[in-house]
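Hi everyone, thanks for coming.

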Amino acid sequence: MIRIAPSILAADFTRLREQIAQAEAGGADWFHLDVMDGRFVPNLTFGPMVVSAVRKLTKLPLDAHLMMVEPEKYLEQFRHAGADHIIIHQEACIHLHRTIARIKELGAKAGVAINPATPCSTLTEILPDLDIILMMSVNPGFGGQRFIPATLRKVAEARSMASTLDLDIRIEVDGGIDTTTAPKVVKAGADVLIAGTSVFGTDNVEQAVRRLQQSVA
Ligand code: DX5
Ligand code: ZN
């Protein structure tokens with residue numbers, strides 16, 4: 001099953017309720033929330049308050065993508081705000097094992113994200129503990145960037161690492177996903193498509209989600 005996770009980063013925040021309902025009507029499976037701290041990435045977005053507002057607008061699983069340094073300080077807050085999946089960056093977390101264990105203790109699914117220049121091999125030791133790998137297919141910080149093709153090889157490598165160990169892991173791809181890149185990443189082994197601009201940057205959100213799903217059917 002291929003899941004579509006629209007990223008609200010590209011949504012119109014004055015019409016969030018409406019846009020979330022439209023994405024759901026189009027068949028969205030999860031919602032993706034991009035938390036940026038202005039330190040790990042050169043942009044600032046939102047924190048747990050917005051996660052808890054979105055929590056009230058949908059029953060679908062919420063994917064909190066923490067693009068921040070020291071994410072371990074805020075796990076409880078994001079979990080209590082209603083995040084079902086908490087994803088931290090390998091590059092931003094010194095004690096990955098401890099932090100992943102804590103996310104699970106809080107009852108959330110745990111994920112690790114890696115940047116385009118970070119090799120898959122940095123995940124070798126933590127892989128058996130993960131529910132989700134998030135493969136950045138652009139440099140994190142902004143929506144609307146172009147997909148980096150070298151990601152395809154990394155997705156295939158991550159999928160093969162997981163299969164070798166017989167692990168049931170979701171592989172999400174994040175950045176520049178549209179109806180052209182989606183089939184390629186799915187073919188490489190991804191099973192969750194995060195999409196901001198190609199969903200919320202259109203004038204028919206419902207149809208955009210449906211088209212994305214159809215492109216990989
Ligand atoms: C980028 C974020 C992405 C972003 C993707 O740092 O992690 O989730 O919303 O946006 P698009 O789909 O526009 O590339
Ligand atoms: Zn993201």
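One cut-off before we start: I call a residue buried when its relative accessible area is under 20%, and exposed when that area is over 50%. Please also keep in mind that this is a predicted model.

With that cut-off, take Asp-174: its relative accessibility is 8%, so Asp-174 counts as buried. His-32 is buried too, with a relative accessible area of 0%. You'll find His-32 in strand S2, which covers residues 31-36.

What does the side chain of His-32 make polar contacts with? One partner is the side chain of Asp-63, at 3.0 Å. Another is the side chain of Asp-174, at 3.2 Å. If we leave aside neighbours within four places in sequence, the residues in contact with His-32 include Ala-5, Pro-6, Ser-7, Ile-8, His-65, Leu-134 and Ile-194.

Now to the metal. Which residues coordinate the zinc ion, ligand 2? They are His-32 through NE2, Asp-34 through OD, His-65 through ND1 and Asp-174 through OD, at 2.0 to 2.3 Å. The site has six donor atoms with angles of 71 to 169 degrees among them, and its geometry is octahedral. Along the chain, the donors of this zinc ion follow the spacing H-x1-D-x30-H-x108-D. Since His-32 sits in strand S2 and Asp-174 in strand S7, this pair ties together parts that are 142 residues apart in sequence.

Let's move on to the packing. In soluble globular proteins, nonpolar side chains tend to be buried together. Here the largest nonpolar core has 61 residues, and those touching the most other members are Ile-8, Phe-31, Leu-66, Ile-86, Ile-88 and Ile-133. Helix H5 gives the largest share of this core, four residues. A second, separate core has 10 residues, among them Ala-5, Ala-113, Val-138 and Val-192.

Phe-31 is worth a click on your screens. Setting aside neighbours within four places in sequence, Phe-31 is in contact with residues including Ile-8, Ile-20, Ala-23, Leu-60, Leu-62 and Phe-200.

My last stop is helix H6, residues 181-188. Which of its residues are buried? Thr-181, Ala-182, Val-185 and Ala-188. These residues cover an arc of only 130 degrees around the axis, so they lie on the same side of H6. What covers them includes helix H5 (151-164), strand S7 (170-174), strand S8 (192-195) and helix H8 (205-215). Just after H6 comes Gly-189, with a positive phi of about 125 degrees.

Thanks, and I'm happy to take questions!

Notes:
Residues numbered from 1 in each chain as written. Chains lettered and ligands numbered in written order. Predicted model: local features only at pLDDT ≥ 70, side-chain atom pairs only at ≥ 80, totals over all residues. Heavy atoms only, no water. Buried < 20%, exposed > 50% of the residue type's maximum accessible area, 1.4 Å probe, protein only. Helix = DSSP H or I, 4+ residues; strand = E, 2+ residues; numbered from the N terminus. Arc of directions from axis to C-beta. Contact = heavy atoms within 4.5 Å. Polar contact = N/O pair within 3.5 Å; in protein donor to acceptor, adjacent residues only side chain to side chain. Donors = N, O, S within 2.8 Å, 3.2 Å for Na, K, Ca; no water. Tetrahedral: all angles 85-135°; square planar, octahedral: opposite > 155°, others 65-115°. Core = buried A, V, L, I, M, F, W, Y, C linked by side-chain atoms within 4.5 Å.
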